[in-house]
Amino acid sequence: MSDKVIIFDTTLRDGEQSPGCAMTLAQKRRMAKSLGALGVDVIEAGFAAASPDDFNAVASIAREVKGPTICALARCNDNDIREAARALEEAEKKRIHVFIATSPLHREHKLKMTKEQVIERAINGVKLAKSFVDDVEFSCEDATRTEKDYLAQVVEAAIEAGATTINIPDTVGYTTPTEMFETIDFLKKHVGNIEQAIISTHCHDDLGLAVANSLAAVEAGARQVECTLNGIGERAGNCALEEIVMAIKTRANHYGLDTGVRTEQILPSSRLLSAITGSVVPRNKAIIGDNAFAHASGIHQHGMLSHPETYEIMRPQSIGRVDTSLVLGKHSGRHALVDKVKELGFDAASEDIDRIFADFKNLADRKKHITDADIEALVVGQANTGPWQLAQMQVTSGTGDAIASAAVFIIGPDGSEHREAATGDGPVDAAFRAIERATGMEIHLEGLSVNSISEGIDAQGEAQVRARFAGQSFHGRGTSTDIVAASVSAFMDVINRISRQMAKAS
Ligand SMILES: CC(=O)SCCNC(=O)CCNC(=O)[C@H](O)C(C)(C)COP(=O)(O)OP(=O)(O)OC[C@H]1O[C@@H](n2cnc3c(N)ncnc32)[C@H](O)[C@@H]1OP(=O)(O)O
Ligand SMILES: CC(C)C(=O)C(=O)O
């Protein structure tokens with residue numbers, strides 16, 4: 001049996017079936033290219049018969065995305081299969097995926113078909129698909145609630161009719177890892193021609209078991225896993241691509257298997273999907289959540305500083321993240337604090353670490369987010385203000401042809417008054433330019449993010465600015481109920497940190 005697990009991505013088909021995740025044609029094409037770069041083996045591009053837009057999405061992905069096999073889903077009905085074949089015409093490598101439900105519930109209440117009628121529809125569907133393409137996948141929808149003997153009969157008939165991949169979906173996320181293992185094992189033992197097809201699995205996450213069930217199927221001999229980026233999909237979602245891929249990679253010592261995924265592309269692809277669908281990844285989400293490689297407690301931070309493997313089973317770079325983050329807060333200890341003091345450019349050996357640590361603990365008890373500027377203020381023993389003061393600011397912006405502009409009035413370190421104005425791509429850009437003019441500092445902006453730190457229409461926004469000046473990195477933070485004011489305050493924070501550093505060095 002091969003030791004490669006085929007990664008079948010269904011973000012654009014099952015993923016799009018999650019409420020709120022509908023994508024436009026252009027967004028699907030962009031996502032498909034990203035999936036190609038990620039190195040998935042199969043992209044299920046859509047359900048061609050569902051709508052003209054779905055048809056066009058499958059057709060354009062088939063035309064444009066080279067590398068992965070492009071797949072289209074179809075019911076066991078002539079029109080769906082013909083539409084799938086037509087949409088796939090220009091694909092370099094193509095697959096038609098036909099399915100029909102096999103469980104008693106679906107047969108009796110939904111399809112209103114007998115066992116024999118379902119088998120007949122499955123055979124006819126696979127044969128028709130086979131008349132268009134060599135690569136035919138057949139799925140027994142709701143397989144995990146289907147009588148095992150009957151499931152084996154359907155699978156055998158589908159392979160006999162020409163299916164080259166047999167998918168065993170846990171359509172409603174009902175099964176358990178042990179049951180999934182037993183189901184695949186049963187099929188291997190009771191389907192005479194099973195060796196002629198690749199066994200696949202497609203698990204939903206209704207009980208939070210999609211990845212565990214997929215891994216159990218793989219342990220039993222499945223060599224294709226169907227999954228979606230960020231785990232999006234019907235209801236609670238599908239098996240998350242990033243989780244299954246990293247589980248197989250990280251526990252290669254256990255599974256002895258591999259995928260062809262370029263894992264360092266996981267985070268960029270995941271972020272693209274979030275941006276496109278607008279669905280935010282929870283902070284604690286495995287692999288891709290903001291906290292997945294963040295450490296906040298002192299004992300863990302000390303371990304991480306001593307050896308990253310103490311508390312990390314994967315390196316953040318392996319999924320495309322720049323680095324681990326040690327987040328300073330009320331649970332941090334002295335080791336992490338000293339590390340941060342050094343990172344900020346101070347000579348920790350000559351600082352009064354006992355005093356700084358005591359002040360830090362006091363501050364952390366009162367403040368949720370401790371920033372670099374806070375630590376710097378603790379080290380230099382001064383409040384995090386000045387020497388530049390923003391006395392006044394006015395911005396204008398609008399839509400269409402309106403030009404964003406800003407005027408600032410800034411008091412310099414020696415009490416001098418600086419009034420400047422500038423235009424920009426938006427009010428924030430205009431304000432930053434005006435501040436640069438007023439202070440005479442040219443800042444290379446590397447990033448700006450604004451997050452809400454409280455709830456409601458009067459929520460506080462927290463802006464974080466990352467910038468470079470004279471080859472050094474600086475961070476600034478600002479808060480306000482006005483996001484332009486928060487951004488400007490963060491930029492002023494950067495200006496002041498640079499000035500303080502320059503004053504100290506001179
Ligand atoms: C588990 C899964 O994720 S399966 C994929 C689910 N995805 C989707 O449904 C998204 C795309 N679907 C659609 O756009 C629409 O449902 C369409 C265009 C496919 C069909 O629309 P309609 O013809 O209006 O049918 P509707 O969706 O209301 O009902 C489904 C019909 O397909 C039949 N059907 C369902 N599954 C299958 C199947 N695998 N093979 C054959 N027939 C099937 C149902 O019995 C029902 O038939 P009926 O109209 O004769 O009663
Ligand atoms: C069509 C099949 C594979 C499916 O999406 C499911 O059963 O969940």
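This note goes through the predicted model point by point, from the overall fold to the ligand surroundings.

1. Basis of the note. The model is predicted, and local features are described only at pLDDT of at least 70, side-chain atom pairs count only at pLDDT 80 or more, and totals for chains, interfaces and linings use all residues. Residues are numbered from 1 along each chain as its sequence is written, while chains are lettered from A and ligands numbered from 1 in the order in which they are written.

2. Overall fold. The protein chain comprises 17 helices and 16 strands, where helices (H or I, at least four residues) and strands (E, at least two) are DSSP runs numbered from the N terminus. Its C-alpha atoms occupy a box of roughly 90 × 55 × 40 Å along the principal axes. Of its 506 residues, 43% count as buried, a term that requires 20 or more other C-beta atoms within 10 Å of the residue's own, with C-beta atoms placed from the backbone. Two residues are in contact if their C-beta atoms, placed from the backbone, lie within 7 Å; among contacts between residues at least 6 apart in sequence, 65% join residues at least 24 apart.

3. Nonpolar cores. A nonpolar core is a set of buried Ala, Val, Leu, Ile, Met, Phe, Trp, Tyr and Cys residues joined through C-beta atoms within 7 Å. The largest one has 98 residues, and I43, A45, A72 and I244 have the most contacts inside it. Helix 8 (residues 210-220) makes the greatest contribution to this core, giving eight residues. A second, separate core of 26 residues includes A406, I443, F474 and A486.

4. Helix 15. In helix 15 (residues 372-380), the buried residues are A373, I375, E376, L378 and V379. Their cover includes helix 13 (334-343), helix 14 (353-366), strand 16 (472-480) and helix 17 (483-505).

5. For "binding site", the unreviewed UniProt entry lists D14, H202, H204 and N238. These residues are spread over 225 residues of sequence, yet they cluster in space, with a largest C-alpha distance of 10.1 Å. H204, in the loop between strand 7 (198-203) and helix 8, counts as buried because it has 25 C-beta neighbours inside 10 Å. N238 lies in the loop between strand 8 (224-227) and helix 9 (241-250), and counts as buried because it has 32 such neighbours inside 10 Å. Leaving aside neighbours within four places in sequence, the contacts of N238 include D14, H204 and A210.

6. Ligand 2. The residues near this ligand, meaning those whose C-beta atom, placed from the backbone, lies within 6 Å of it, are D14, F99, S139, E141, N167, P169, T171, H202 and H204. Strand 5 (136-141) and strand 6 (165-170) are the elements that give two or more residues to this shell. By class, the shell has two nonpolar, five polar and two charged residues, with Ala, Val, Leu, Ile, Met, Phe, Trp, Tyr, Cys and Pro counted as nonpolar, Asp, Glu, Lys and Arg as charged, and the others, Gly among them, as polar.

7. Ligand 1. Of the 15 residues around ligand 1, F47, A50, R75, C76 and I100 come nearest. Strand 4 (94-101) and helix 4 (104-111) each give two or more residues to this shell, which divides into seven nonpolar, three polar and five charged residues.

Technical notes: A residue is buried if 20 or more other C-beta atoms lie within 10 Å of its own, exposed if 12 or fewer, and partly exposed in between; C-beta atoms are placed from the backbone. UniProt positions are given in the numbering used here, feature names are shortened, and annotations may be inferred rather than shown by experiment.
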